[in-house]
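Here are a few friendly notes to read beside the model. Take them one point at a time, and keep the viewer open as you go.

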Amino acid sequence: MTTGTETPAAARAPRSWLREHSEIGVSVLLLLLGVLVLTDALTMDVDITQRGPVGPKTVPVVVGIALLLVAVLLAVDVLRGGRGEAEGGEDIDLSEPSDWRTVLLLAGVFLGNAVLIDPLGFPISGALLFWGSAYALGSRHYDRDPLIAAGLSLLTFFVFNNLLGVPLPGGPLMEVL
């Protein structure tokens, strides 16, 4: 006699299988990412005069193919019974709950940087990114952290913009820098 609250064995079986093969989700994510990268690379509009010996499509195509290959190899390994090592080289306590506050703060800092980089420029948005990341990860040196963040941001801006030739938005500081 059943009380009506038990789950049938047929309903438990797929959940149990998915729990035992959860790495398949990572494989699917890698597959989707590989398809996205390949699609974007292959539909890239490239002027023939801007191409060098290799071309701008080469690296994204190689990365997309590598993502697809890793996704397939991971799926095959998981379906053959392979499992990731729990805490193989990690120094974490799995019994502790996740620190969602830190994750959400970091996500907010990165989203804020993406929104602010065009209007404020990289030197200012980068400084906010570096300082916000340090704060989210636990640093509470309110006098030192903003100075280090500003220095890192300016150094990164100069390296990319002046040395590597990768233009970054300067924002209102463009006249000064």
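1. Of the 177 residues in the chain, 19% are buried (under 20% relative accessible area; exposed is over 50% and partly exposed lies in between, with a 1.4 Å probe and protein chains only). Please keep in mind that this is a predicted model, where local features need pLDDT of at least 70 and side-chain atom pairs count only at pLDDT 80 or more, while totals for chains, interfaces and linings use all residues. Residues are numbered from 1 along each chain as its sequence is written, and side-chain values use heavy atoms, with hydrogens and water left out.

2. Next, the overall fold. The chain has six helices and zero strands (DSSP runs numbered from the N terminus: H or I of at least four residues for helices, E of at least two for strands). Its pattern along the sequence is α-α-α-α-α-α. Among contacts with a separation of 6 or more, 59% join residues 24 or more positions apart (contact means heavy atoms within 4.5 Å).

3. Now look at the surface. Leu 111, Val 115, Leu 116 and Leu 128 make a nonpolar patch with about 360 Å² of accessible area together. Patch residues have over 30% relative accessible area and no salt bridge; like charges are joined within 9 Å, and nonpolar side chains (Val, Leu, Ile, Met, Phe, Trp, Tyr) within 5 Å. A salt bridge puts a side-chain nitrogen of Lys or Arg within 4 Å of a carboxyl oxygen of Asp or Glu. Helix H4 (residues 100-120) gives the largest share of the patch, three residues. Val 115 lies in helix H4 and counts as exposed because its relative accessibility is 55%.

4. How many aromatic pairs does the structure hold? There are two (ring centres of Phe, Tyr or the six-membered ring of Trp within 6.5 Å; stacked under 30 degrees between planes, edge-to-face over 60, tilted for the rest). Trp 131 and Tyr 135 are stacked, 5.7 Å centre to centre with 25° between the planes. About one helical turn separates Trp 131 and Tyr 135, because they are four residues apart in helix H5 (residues 122-136). Phe 157 and Phe 158 form an edge-to-face pair, at 5.9 Å and 70°. Phe 157 is buried at 2% relative accessible area, whereas Phe 158 is partly exposed at 33%.

5. Finally, return to Tyr 135, which is partly exposed at 24%. The charged end of Arg 140 sits over the ring of Tyr 135, 3.8 Å from its centre (NZ of Lys or CZ of Arg within 6 Å of the ring centre and within 35 degrees of the ring normal).

Notes
Areas by Shrake-Rupley, 256 points an atom, 1.4 Å probe, with all protein chains shown as cover.
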